[in-house]
Amino acid sequence: SHLILPLVALASATCLSAQTIVVDKATLNFSAQVGSTATSPQTENVTSSTGAVVPFTLTAQTFTWIKFNGQPLGIAGTTPASVAISVDPTGLAAGTYAAQIGVLGGVSSNPAITVNLTVTDISVSPTSLALSYTFGGSTFPASQVLTITGPATQCTATVTNTSGGNWFSLLGTSCVSPSNLTVVFNNAVIAGLAPNTYSGKITITPVPSGQGPAVVVPVTLTVV
């Protein structure tokens, strides 16, 4: 019995050290407008590789614009847990920023979380479009309106249909902030799409480009 207890303790310690921390999002993408406050958070679910309760730390010591449950620098907890990660662009100039969140706990080889932030002089709402269509149906997606806000700025808008052909387009390729941009859908093309998910994007670029990077609005169509 004197031998069993140390072996049990050793087995328990070995099991704990073999745990790895698992996060459900390897990359987080954010966009914000110059002078705006914290963005809406994205939830990062943190678990261990075997489901055991393991202490963890998420840390971004050198990137104080990343917030964890509204607080900078990092957060500590035990798995399983959900952490709300947001970014605060206060004081950041227009541009693109990249950072990594360290994931500590279990073993030391946990992959970091990549955070990408685009700060522009203009802002576009909504930030993404997700539409659906029932295969063989007669009801097609209605046109959508993107609202561009910010200081008076000329801009250009382009469409990239990644899959499915030219199933959506814009009413005009030049724009200005503040204003609206209308997205229309090609019913003839959509009617011929097989059940699947199709994607594309709208890229809105300030003119001249020195006024900030482009804003990209992902567009998805699910045919069911």
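1. Alanine 81 is partly exposed, with a relative accessible area of 21%. The cut-off for a buried residue is under 20%, so alanine 81 at 21% does not count as buried. These values, like the others in this note, come from a predicted model.

2. Alanine 81 belongs to strand S7, which covers residues 81-87. Leaving aside residues up to four places away in sequence, alanine 81 touches Glu44, Asn45, Val46 and Phe56. Threonine 47 lies 34 residues from alanine 81 along the chain, and the two C-alpha atoms are separated by 6.7 Å.

3. On the overall fold, the protein chain has two helices and 16 strands. The C-alpha trace spans about 80 × 50 × 20 Å along its principal axes. The radius of gyration is 23 Å, whereas a compact globule of 224 residues would have a value near 17 Å.

4. Buried residues make up 32% of the 224 residues in the protein chain. Among contacts with a separation of 6 or more, 65% are between residues 24 or more positions apart.

5. The next point is the largest pocket. The space in the largest pocket is about 520 Å³. Lining it are 23 residues, of which Phe30, Ser31, Ala32, Thr39 and Thr127 are the closest to the centre. Two or more lining residues come from each of strand S2 (27-33), strand S9 (113-120), strand S10 (123-125) and strand S16 (215-223). Strand S2 gives the most, with five residues.

6. What is the make-up of the lining of the largest pocket in nonpolar, polar and charged residues? The lining has ten nonpolar residues, 13 polar residues and no charged ones.

7. Threonine 39, one of the residues closest to the centre of the largest pocket, sits in the loop between S2 and strand S3 (42-48). Is threonine 39 buried or exposed? Threonine 39 counts as buried because its relative accessibility is 16%, and the cut-off is under 20%. Beyond residues up to four places away in sequence, threonine 39 touches Phe30, Ser31, Ala32, Ser86 and Val87. Phe30, Ser31 and Ala32 are also listed among the residues closest to the pocket centre.

8. A search of the whole structure finds one disulfide. Cysteine 155 and cysteine 175 form this disulfide, with their sulfur atoms 2.1 Å apart. The pair links distant parts of the chain, 20 residues apart: cysteine 155 is in strand S12 (residues 144-161) and cysteine 175 in strand S14 (residues 174-185). Both cysteine 155 and cysteine 175 are buried.

9. Glycine 164 is placed in the loop between S12 and strand S13 (168-170). With a relative accessibility of 25%, glycine 164 counts as partly exposed. Which residues does glycine 164 touch, not counting residues up to four places away in sequence? They are Val189, Leu193 and Tyr198.

10. A further distance concerns glycine 164 and leucine 129. Glycine 164 and leucine 129 are 35 residues apart in sequence, and their C-alpha atoms are 16 Å apart in space. For alanine 81 and threonine 47, at 34 residues along the chain, the C-alpha separation is 6.7 Å.

Note on methods: Residues are numbered from 1 along each chain as its sequence is written. This is a predicted model: local features need pLDDT of at least 70, side-chain atom pairs count only at pLDDT 80 or more; totals for chains, interfaces and linings use all residues. Side-chain values use heavy atoms; hydrogens and water are left out. On a 1 Å grid over the protein atoms alone, a cavity is a set of points where a 1.4 Å probe fits but cannot get out, and a pocket is an open set with protein on both sides within 12 Å along at least five of seven lines; lining residues have an atom within 4 Å of a point. Grid points are joined across faces, edges and corners, and a volume is the space filled by probe spheres set on the points. Helices (H or I, at least four residues) and strands (E, at least two) are DSSP runs, numbered from the N terminus. Ala, Val, Leu, Ile, Met, Phe, Trp, Tyr, Cys and Pro count as nonpolar, Asp, Glu, Lys and Arg as charged, and the others, Gly among them, as polar. A disulfide is a pair of cysteine sulfur atoms within 2.5 Å. Buried means under 20% relative accessible area, exposed over 50%, partly exposed in between (1.4 Å probe, protein chains only). The radius of gyration is taken over C-alpha atoms; the globule rule is 2.2 Å times the number of residues to the power 0.38. Contact means heavy atoms within 4.5 Å.
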